[in-house]
Amino acid sequence: MIISLIGYMGSGKSHISKILSDKINFKLLDLDKEISKRLKMTIPEIFEKKGEIFFRKTEREILEEILASDENIVLSLGGGTPVYYNNMEIINLNSKTVFLKANINTLVTRISKQKEKRPLITNISDEDLPEFIAKHLFERNAYYSKSQFTLSTDNKDPEDIVLEIKEKLYL
């Protein structure tokens with residue numbers, strides 16, 4: 001079984017996927033880390049040197065490869081992954097999908113601490129960040145909401161979120 005965690009940057013996908021994979025003894029894969037490892041570049045470097053189109057094509061190829069696996073995997077997806085091609089459709093067909101939903105204030109608080117690691121927001125001022133996230137989230141929610149399960153991560157302990165995922169997936 002593959003469990004795909006979906007959500008906007010800062011929603012907790014990486015953190016929750018680590019805890020979940022430990023608890024249920026599944027292999028942990030982070031799509032962005034997998035892309036970085038294969039291309040031997042950070043995500044910001046790939047965006048800068050190769051461009052977003054190249055990144056999205058590579059992301060799709062590696063995503064298809066992972067989703068074809070017979071292994072038990074917890075897969076943490078990039079925030080933009082569900083939006084491109086028919087990615088959300090193939091993710092839903094080949095895995096259990098969980099949308100980790102967080103409100104704008106939660107996302108702003110989490111993301112503003114790590115702007116230099118996030119190519120989409122590096123050049124956005126702190127005062128413009130809430131509006132940027134709100135617009136972006138509005139566009140992406142149409143894709144995220146196609147997930148099989150949705151969990152709010154606002155003001156919740158990561159252990160409780162993992163417990164909720166396990167209950168929803170009967171693990």
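**The sheet and its surroundings**

Modeller: In this predicted model, five strands form an open sheet in the order β2-β3-β1-β4-β5, with parallel pairing; helices (H or I, at least four residues) and strands (E, at least two) are DSSP runs numbered from the N terminus, and two strands pair if DSSP finds at least two bridges between them. Because β2 (27-30) and β5 (149-152) each have a single partner strand, they stand at the edges, and one side of each is left without a neighbour in the sheet. From one strand to the next, the twist averages 20°, where axes are lines fitted to C-alpha atoms, for helices over the stretch in contact, and angles run from 0 to 180 degrees between N-to-C directions.

Residues are numbered from 1 along each chain as its sequence is written. Local features need pLDDT of at least 70 and side-chain atom pairs count only at pLDDT 80 or more, while totals for chains, interfaces and linings use all residues, and side-chain values use heavy atoms, with hydrogens and water left out.

Strand β4 (residues 96-101) pairs with β5 in the parallel sense over four bridges, and β1 and β4, which also run parallel, are joined by four bridges. Phe99 of β4 is the bridge partner of Ile6, and Phe99 also stands opposite Thr150 in β5, while Val98 has Phe149 in β5 as its bridge partner.

Helix α1 packs on the sheet, where it touches β1 (2-6), β2, β3 (73-76) and β4, and its direction makes about 175° with that of β3; contact here means heavy atoms within 4.5 Å. Within α1 (residues 13-24) is Ser14, where UniProt, in an unreviewed entry, places the feature "binding site"; such positions are given in the numbering used here, with feature names shortened, and annotations may be inferred rather than shown by experiment. Ser14 counts as partly exposed because its relative accessibility is 32%, given that buried means under 20% relative accessible area, exposed over 50%, and partly exposed in between (1.4 Å probe, protein chains only). Leaving aside neighbours within four places in sequence, Ser14 is in contact with Asp30 and Ser76.

Helix α5 (residues 87-94) lies across β1 and β4 and runs at about 145° to β1. The buried residues of α7, among them Leu129, Ile133 and Leu137, pack against β1, α4 (52-67), β4 and α6 (104-111).
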